[in-house]
Amino acid sequence: MEYHCTLVFVLATLLPHNCVTLDSQLPNFVLLFADDLGFGDLGCYGHPSSATPNLDKLASNGLRFTDFYCSSPVCSPSRAALLTGRYQTRSGIYPGVFYPGSRGGLPLNETTIAEVLKPLGYATAIIGKWHLGVGPDRMYLPTNQGFDHYLGIPYSHDQGPCQNLTCFPPDVKCFGTCDQGLVTIPLFANDTIKQQPVSLPDVEKSYSDFATQFIMTNTMRKQPFFLYYPSHHTHHPQFAGKGTTGKSRRGAFGDSLMEFDGTVGNIIQALMDSGVHNNTFVFFTSDNGPSLMRMSRGGNAGPLKCGKGTTYEGGMRVPAIAYWPGRIKSGVTHALTSTLDLLPTIARLSGAKLPRVQLDGFDMSDILFRHGPSKREAMFYYPTDPSEKYGLFAVRVGRYKAHYYTQGSILSDTTPDQDCHETAHLERHDPPLLFDLEADPSENYNLATPDHPEYKAVLQLIQDVKTDFEGGMVFGEAQVGKGTDPALEPCCTPQCTPKPTCCSCS
């Protein structure tokens, strides 16, 4: 009961009552972003035991994508690209991901989707996982990046000791030990810590309640809104509340996925109850492929090769669904598309001005409303630690993908395919490996062999595209490379000792 009262206070304080009434005809936007969810994890993508009725309904009534990509096989760079429409190399979100004490973050001169929409009078909110830095004086939090409201955990919930935390009610402890020697996981309301450690079995209900209230409040004010929901599900360690614990056929992973799906259903219901269902563009996707090192707790890449941490298809090709009743016709598209395309698409749909920077995304309107072709010619694959020395690891042009470098990852260990493992060290390929992703999405059959001389022209075309792209790529200062400072780890009692164990409040 004490936790519930705290959440009611948080919701009330995050939604002030002094907003301006604006043109209600501007479309609303809802972005649903799963964490470590693989291409093969949803029922609508073929998983035989996933319980995802709400996402499946969005897919059956909306547009399902088969060739949709994130920009990176790990969290932070993928999130930066989604929000800015720019490859993470431009914004400096590399190498790897941010930690609680990271000195860097998403540079404040980068323009997010929220900042694109704000000049038009949009109310903006994020619930869930930020993972683009906290920094000195909490300067990199979402409220400094165009978001009016933030309720969530600012990084992955395994980036802190979790072995003594409850992940499933009544008192099932989290599986594994997570990162040690750090502060416990905090729940932020805007730039203030409301609870540390967060109560994981309760947090999803708080997100769902906040999303519902945000939608209803702004609808009553006739103010257009942008709701960004980057979920913690289904990242390790999985957790869920009493509503889904033990209810799925997939164990802990399935319970976590079911809870995420339930929140999606609650958000759609709130849109319907508020009467803005037909004026809201909803888009769902995932930040990267599944963490196969977790085995059955790590997700499923379906027919795709490897998973998280790699530039094989399983690491960066993800499920995606676009939904807008009365505007987007149901169906399936094979158009080449990416999270990078969301910012220019949302700008086009809202009439907002694009940032005056080099964008890597393309407007998807023709795909969404006419099931037309993509404006995207190519998809470029950077590893988790991109560098100017090695450049792109792979390039896809049309149906063909060339691998110039391959490397496994500990995040895709345990699979039978040895190419996925950490022991598969960096390997340069000259000529590049070449795969026809329409005939061979599993990347099993290399076409760049003496037996297939007819593919030399394809390799040359891809090489020309690669050369042109890399010629225009300017690497930003490496933000993750700035390192960490324990003094920057979020602590709700900053003067306490000894840290980090003393950082606790409820």
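The link of Cys167 and Cys174 is right-handed, with 90° about the S-S bond. In this predicted model, the sulfur atoms of Cys167 and Cys174 are 2.0 Å apart and form a disulfide. Cys167 and Cys174 are each buried. In total, six disulfides are counted. With bonded cysteines counted along the protein chain, the disulfides follow the pattern 1-4, 2-3, 5-6, 7-11, 8-12, 9-10.

A disulfide is also formed by Cys306 and Cys420, whose sulfur atoms are 2.1 Å apart. This disulfide of Cys306 and Cys420 is left-handed because the torsion about its S-S bond is about -85°. Cys306 lies in the loop between strand S11 (280-286) and helix H8 (313-316), and Cys420 in the loop between strand S17 (400-406) and strand S18 (427-436), so the pair ties together parts that are 114 residues apart in sequence. Cys306 counts as buried at 5% relative accessibility, and Cys420 counts as buried at 1%.

Cys491 is joined to Cys503 by a disulfide with an S to S distance of 2.1 Å. The link of Cys491 and Cys503 is left-handed, with -105° about the S-S bond. Because both Cys491 and Cys503 lie in the segment after helix H11 (456-471), the pair ties together parts that are twelve residues apart in sequence. Cys491 and Cys503 are both buried.

For Cys44, the closest cysteine sulfur is that of Cys70, at 17 Å, which is too far for a bond. Cys44 is buried, with a relative accessible area of 18%. Cys70 is in no disulfide, the nearest cysteine sulfur being that of Cys75, 9.9 Å away. Cys70 is buried, with a relative accessible area of 0%.

How values were computed
Residues are numbered from 1 along each chain as its sequence is written. This is a predicted model: local features need pLDDT of at least 70, side-chain atom pairs count only at pLDDT 80 or more; totals for chains, interfaces and linings use all residues. Side-chain values use heavy atoms; hydrogens and water are left out. A disulfide is a pair of cysteine sulfur atoms within 2.5 Å. Buried means under 20% relative accessible area, exposed over 50%, partly exposed in between (1.4 Å probe, protein chains only). Helices (H or I, at least four residues) and strands (E, at least two) are DSSP runs, numbered from the N terminus.
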